[in-house]
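Tutor: Let us go through this entry by question and answer. Keep the structure open beside the text.

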Amino acid sequence: MDMANSETTPKKLGLLIGGSGLIGGYLLHYFKDKTPEIDLRSPNSKKLSLRELDDIISYFKRQKPAFVINTAITTLRSDALLSYEVNYLGSINVARAALALNIPYIHISSAATMPAGEDLTEEDHLPLSPAMSNYAKSKLMTEMTLKHMHEKHGLQYTLIRLGIVYGAHDHKIQGFNRLLYNIVDRALPFMLTKKGVKFSYSNASKLPYFVHHILDNREEFSGQHFHFVDPEPVELAKLILTIKSSLKLKTPREIYVPYRLAKSGINFMNGVIKLFNRLGYKASVPAEMIFLENFYKTQTLSCDKLKKSSFVDPNPDATIFTELPSFIEYYTARWGHLNILSSFSSKDFGGEQPMSPEKMAAEEFLHSPKQLLEATQKDGISPLEEIL
Ligand SMILES: NC(=O)c1ccc[n+]([C@@H]2O[C@H](COP(=O)([O-])OP(=O)(O)OC[C@H]3O[C@@H](n4cnc5c(N)ncnc54)[C@H](OP(=O)(O)O)[C@@H]3O)[C@@H](O)[C@H]2O)c1
């Protein structure tokens with residue numbers, strides 16, 4: 001891009017809702033680095049809450065964005081009201097704002113809206129039913145209403161369905177990270193799946209390229225749903241065993257627990273936890289356990305429609321397996337620093353490492369705070385010249 005031009009032409013203003021989340025973080029980073037012509041803003045949920053219609057109205061009125069991307073969701077465990085208000089009603093109100101300004105709306109959805117099965121297409125979805133989890137129900141209702149708004153009012157939207165997302169810098173322990181965490185923390189003694197059960201995975205670092213491409217090619221993508229997943233589905237058991245062998249762990253043992261037994265185990269744990277909670281100890285079974293049944297049934301998403309589109313994969317060789325070593329390194333270090341691993345120490349992973357300067361500082365902070373204070377006061381408190 002011509003630099004002189006980029007300085008004089010006003011930037012295109014985009015709104016991202018959910019920028020502090022896993023997917024939103026990748027989008028913010030991408031648009032900051034790679035698109036000088038776009039100013040992607042992401043107010044946090046205290047400034048713009050999807051639960052507050054007034055927040056939505058006043059933000060759109062004030063800023064008049066040229067497009068909006070919605071990656072926000074409430075936590076998986078949320079009750080019916082919060083799931084309904086944030087995931088469904090909030091998303092629809094944002095779409096109504098996009099409709100009023102006649103701007104593109106990009107919405108992120110999930111494979112939770114679909115049944116088990118292989119090579120599922122964008123047309124496949126579960127029947128809407130009261131028995132669905134709050135999360136799946138709210139995501140499916142949004143998919144349905146956005147389609148209806150396109151047909152009835154011409155909403156320019158694109159809906160992207162993701163499989164199991166993998167990416168770094170996720171500050172919650174959910175989805176793929178929950179699996180990794182449980183293996184690292186040795187909280188998965190046996191295999192809670194069946195041999196041969198496969199899933200589709202979505203690479204969070206590639207998604208921003210697709211979103212950018214959609215914005216540049218509105219005609220082709222408007223009013224459409226797309227699966228954004230890696231072409232090759234992955235067997236869950238193979239992934240678990242690969243993580244286990246990378247970490248040189250003994251668990252999970254290759255014993256496949258049948259679904260009924262696993263379900264009774266979880267029910268039993270729920271009972272024990274309820275009892276402990278009554279006694280004042282706060283604990284809970286991971287939110288993913290609502291999807292336990294899904295660990296036993298293949299669900300793979302077709303990406304034929306994506307392949308046939310004009311989008312070109314920026315890194316076709318990347319898969320969950322190529323990214324795994326860096327995730328393991330990043331997350332084991334992070335969880336170690338946060339002191340949330342009950343049974344894992346850095347010594348378990350690749351042996352004793354030489355002490356880095358950060359580690360040395362942490363050791364000093366732990367054992368010799370006086371020396372650290374003196375050293376900092378001697379050499380580390382002058383004005384930050386770099387700013388000047
Ligand atoms: N991660 C996965 O494995 C996965 C798999 C399939 C599909 N997806 C889909 O991908 C999208 C992004 O998921 P994610 O994993 O990135 O989610 P996430 O990390 O949990 O982030 C959720 C975001 O939503 C925001 N948020 C929550 N309540 C809000 C409210 N009332 N108003 C406005 N913002 C609110 C949060 O902001 P604050 O922190 O400011 O509250 C946060 O930025 C979702 O649509 C999800 O369904 C994710």
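**Ligand site, cavity and backbone**

Student: How far does a polar side-chain atom of Ser49 lie from a nitrogen atom of the ligand?

Tutor: This is a predicted model, where local features need pLDDT of at least 70, side-chain atom pairs count only at pLDDT 80 or more, and totals for chains, interfaces and linings use all residues. Residues are numbered from 1 along each chain as its sequence is written, and side-chain values use heavy atoms, without hydrogens and water. For Ser49 and the ligand nitrogen, the distance is 3.3 Å.

Student: What separates the polar side-chain atom of Lys139 from an oxygen atom of the ligand?

Tutor: Lys139 is listed with Ser20, Ser45, Tyr135 and Lys172 as nearest of the 25 residues around the ligand, where near means a heavy atom within 4 Å. The side chain of Ser45 has an N or O atom 2.8 Å from a ligand oxygen. For Lys139, the distance to a ligand oxygen is 2.7 Å.

Student: Which element gives the largest share of the shell around the ligand?

Tutor: Helices (H or I, at least four residues) and strands (E, at least two) are DSSP runs, numbered from the N terminus. Helix H2 (22-34), strand E4 (105-110) and helix H5 (134-153) each supply at least two shell residues. The largest share, three residues, comes from E4.

Student: How much space lies in the largest cavity?

Tutor: A cavity is a set of points on a 1 Å grid over the protein atoms alone, where a 1.4 Å probe fits but cannot get out; lining residues have an atom within 4 Å of a point. Points join across faces, edges and corners, and the volume is what probe spheres set on them fill. Tyr105, Tyr157 and Phe221 are among the lining residues. The space is about 60 Å³.

Student: Where is the proline of the cis peptide bond?

Tutor: Most peptide bonds are trans. The cis bond joins Thr251 and Pro252, with omega about -5°. Pro252 sits in the loop between helix H9 (236-246) and helix H10 (259-278).

Student: Is Asn102 buried or exposed?

Tutor: Asn102 has a positive phi of about 55°, in the loop between helix H4 (80-101) and E4. Buried means under 20% relative accessible area, exposed over 50%, partly exposed in between (1.4 Å probe, protein chains only). Asn102 has 51% relative accessibility, so this residue counts as exposed.

Conventions
A polar contact is a pair of N or O atoms within 3.5 Å; within protein, one must be able to donate a hydrogen and the other to accept it, and residues adjacent in sequence count only if both atoms are side-chain atoms. On a 1 Å grid over the protein atoms alone, a cavity is a set of points where a 1.4 Å probe fits but cannot get out, and a pocket is an open set with protein on both sides within 12 Å along at least five of seven lines; lining residues have an atom within 4 Å of a point.
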